[in-house]
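Me: I'm new to reading protein structures. Could you walk me through a few features, one at a time?

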Amino acid sequence: MGAILNLVERNLHEVRVDADRMLFHIPSSSLFATDAVTGGIIDALREQGCSPEELVHRLGGRFAGQEVQETLRELIALEVVSDGSPLTPEIGLKKVERTALNTVVLNVNTGCNLSCTYCYKEDLDKPSAGKKMGAETAEASVEMLLRESPDEERYSVVFFGGEPLSNRPLIEHMVAYCERRFAEAGKQVEFIMTTNATLLTEEIVDWLNAHRFGLSVSIDGPKTVHDRNRITVGGQGTYDVVRRKAEMLLSRYTSRPVGARVTLTTGVTDVETIWDHLFNELGFAEVGFAPVTSGDISSFNLTSEELVQVFANMKALGRRYLEAALEHRNIGFSNLHQLITDIHEGHKKALPCGAGLKMLAVDHKGELNLCHRFTGSSLPTFGNVHGAVKQVELNDFLSQRLDRTGTGCDSCRIRNLCSGGCYHESYARYGDPTHPTYHYCELMRDWVDFGIEVYSRIMAVNPAFISRYITPRKAH
């Protein structure tokens, strides 16, 4: 008697797109169209495990024996079907032995010229009281990057705040320093900045353009939405000035596409209207939405009902994205675009993001934080740029999240796309950054299924869209 074959349910997930059965291979985040033989094998084994000989017999009326055997070998190789051999350990069960940092986030000023009501920086300072990073600390941050990970080809330096342009002299100093320093090392460097746009001038925009900054503008939508929360220290809405500055930026900036970053708080769920305003009226190249569910100030968090509405509205915008893609147009909905990119590339991740693994954030004292959202928090830091990275502590922390034993992530079908969710969300909600973000698991699973459907429809009708608009991931 041969080995007993069984379906490995934790490794496969099926999504039906009209009459087609799409098989999402969970370990590799790859998507396959299920042919009739594959579907027959899955259905038969889902009904009852059996030997290979019995399987061939059960499917004999529909398929040739050799065809069943060849397909079975492929499914066993993918570990969608088990013949009793040990399965490959999950990526989530490995330990982090060494990080390969390629990105440093410089928190150049805790001060901000705005006073956005929902800001996660409870200790954010007014401009006059802001704690500015000095050149010595910023330079040491870059040297730390090169010292810790000398073998990377490309590095990123991110300027963050508060409002980073409120420490413009440091940014200009560091761009000159980095361009010289990385060139000497034979490495490439790119600069990234998120700004509220209020301090932009034509001169600053032209300088940013010359140095090819990757720019995002924080703007929450039309005036009535934006002015609810994004206000001055004196309580005035900032939409009019942000719009004026953003239009000036978009008219002059040519080196890279400029994105808009939208924060969704309680009472704000109309994703389509916000996108329409920012993409079609103002002309941003892409619009990304960040729903707030575990912010420092709980009164601004979306309720569970509002979060359901946000995802429903994101799917409605996603259907417009699909419609445009079939006409070979990209409407810049970055949340869905990123998901489709991940599916197309078979992108799988053991950890939710690069925090601690590829990236560390530096505060004005030079302390190394997991990411920019943890600067000023009570989470212990992982060393100082003037000393050394606490590699053992950092690896132990990351390894805690990697170990999915006993968590809902262990067998979840999106475990290698979501990877447990944002550390800061977990920290804010559960007091533990290694705790999975269980509060929107079902919504995320549904969102990934929707992404699989959209991707499948694009590939069936207009695969040229994927070739044209899905940029190959850089080797970061």
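Reply: Happy to! Let's begin with naming: helices (H or I, at least four residues) and strands (E, at least two) are DSSP runs, numbered from the N terminus. Residues are numbered from 1 along each chain as its sequence is written, and side-chain values use heavy atoms, with hydrogens and water left out. This is a predicted model, where local features need pLDDT of at least 70 and side-chain atom pairs count only at pLDDT 80 or more, while totals for chains, interfaces and linings use all residues.

Me: Where is S149 placed?

Reply: S149 lies in the loop between α4 (135–148) and β7 (154–161).

Me: Is S149 buried or exposed?

Reply: Buried means under 20% relative accessible area, exposed over 50%, and partly exposed in between (1.4 Å probe, protein chains only). S149 has 7% relative accessibility, so S149 counts as buried. Contact means heavy atoms within 4.5 Å. Leaving out residues up to four places away in sequence, S149 touches T99, A100, L101 and Y155.

Me: What span does helix α1 reach?

Reply: The expected span of a helix is 1.5 Å times one less than its number of residues. Helix α1 (residues 36–47) has twelve residues and reaches 16 Å from its first C-alpha to its last, close to the 16 Å expected. Among the buried residues of α1 are V37, I41, I42 and L45. Their cover includes β2 (12–17), β3 (20–25) and α3 (65–77).

Me: How do I read two packed helices?

Reply: Two packed helices are described by the angle between their axes and the distance between the axes. Axes are lines fitted to C-alpha atoms, for helices over the stretch in contact, and angles run from 0 to 180 degrees between N-to-C directions. Angles under 35 degrees count as roughly parallel, over 145 as roughly antiparallel, 65 to 115 as roughly perpendicular and the rest as oblique. Here, α10 (residues 304–326) and α14 (residues 441–461) pack at about 5°, with axes 10 Å apart. That makes α10 roughly parallel to α14. Residues in this contact include F311 and L322 of α10, and W447 and F450 of α14.

Me: At what angle do α9 and α10 pack?

Reply: Helix α9 (residues 271–282) packs with α10 at about 45°, their axes 8 Å apart. The two are therefore oblique to each other. W275 of α9 and M314 of α10 are among the residues making the contact.

Me: How many disulfides are there?

Reply: A disulfide is a pair of cysteine sulfur atoms within 2.5 Å, and the count here comes to zero. For C353, the nearest cysteine sulfur, that of C371, is 6.5 Å away.
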